[in-house]
Amino acid sequence: MSRRAVFLDRDKTIIADPGYINDPDQVELLPGAAEGIRKLNDAGYLVIVASNQSAVARGIVTEERLSEIHDRLRESLGEQGARLDAIYYCPYLNGPQATVEQYRRASDLRKPRPGMLLLASRDLDISLSESWMVGDSSRDVVAGRDAGCRTIYIRDSNTGQNAEADDEAADCDPDYIVDSLNSAADCILENKDLPPLQRRAHSVDAVSADGSCAAGEPSVTALISEIRDILQRHERGGRQEDFSMARLCGTLTQMLALVAGCWGVVSLLEESDQALPRIALALFLQVLSLTAFVGNGRH
């Protein structure tokens, strides 16, 4: 059975935004943010961050440092009994402001496109028509609407710029407008028994003839490429410490097992007395290889 989720923007929704954050010590929860997330946790919603992080492409922060920032965010929320179930972010940016070449490109994961929400729905079996997107900008609202979610716009009541916020909210047409994440959580819980939304979401298959995507419609090829990049980054992060030992030894042992197996088969065909010992050696090496890989996976 598909689950319901609440997708949250990060800056000005959960934490204060002093500019491009590049240090865990800059993480500062907004008033009531942890309380709102805790309410959603208790109500059974998955709570997922979906955040544009062009600071990576701009060379302001590395992905490793960003991971530390998100660890601090989880820790700060955990101290108040709140939990994030997942964090998705887009490090890409297209244009001259992207000074790190590997991240300089258009991306279907970058809001206002709904790629991060679509990716999360596949990873975590989420019913987008029963889910919500909450954020402080029109990008968040458009991404949520195009993914097929209900949307909530958070108007910053502390900036003195409510008129501008109201104009932006009117332009992007969210389902609800509130003043804080805590108020957004109350709004979601008040409407938790609404039927699944019938809004038509954009199709991930809407790709133009040249392979690019129409405005707001993610390209399957580009999205798959970005999913692969995310998995590779996670793999590098998770395996970096143990690759040189367990994983490398397992690979080499498996190669030796293959050589010994071939040697044993040749000996068997030649009716040599050494055939069975060589096959036994191949099996033994294969067991060692599998043991190394299993041990590596448990780290």
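Q: Which residues line the largest cavity?
A: This is a predicted model. In it, the largest cavity is lined by Arg-4, Tyr-45, Ser-129, Glu-130, Trp-132, Arg-150, Asn-191, Lys-192, Leu-194, Pro-195 and Pro-196.

Q: Switching to strands. Where is strand 1, and which way do its residues point?
A: Strand 1 covers residues 5-8. Ala-5 and Phe-7 point one way, while Val-6 and Leu-8 point the other way.

Q: Are those four buried or exposed?
A: All are buried. That goes for Ala-5 and Phe-7 as well as for Val-6 and Leu-8.

Q: What joins strand 1 to strand 2?
A: There are 4 bridges between them, and the two strands run parallel. Strand 2 is residues 46-52.

Q: What does the chain cross through to get from strand 1 to strand 2?
A: Helix 1, residues 33-42.

Q: Which residue is the bridge partner of Val-6 in strand 2?
A: Val-47.

Q: What about strand 4? How many bridges does strand 1 share with that one?
A: They pair over 3 bridges, in the parallel sense. Strand 4 spans residues 132-135.

Notes: Residues are numbered from 1 along each chain as its sequence is written. This is a predicted model: local features need pLDDT of at least 70, side-chain atom pairs count only at pLDDT 80 or more; totals for chains, interfaces and linings use all residues. Side-chain values use heavy atoms; hydrogens and water are left out. Buried means under 20% relative accessible area, exposed over 50%, partly exposed in between (1.4 Å probe, protein chains only). Two strands pair if DSSP finds at least two bridges between them. A crossover is right-handed if, with the strands pointing away from the viewer, the path from the first strand over the helix to the second runs clockwise. On a 1 Å grid over the protein atoms alone, a cavity is a set of points where a 1.4 Å probe fits but cannot get out, and a pocket is an open set with protein on both sides within 12 Å along at least five of seven lines; lining residues have an atom within 4 Å of a point.
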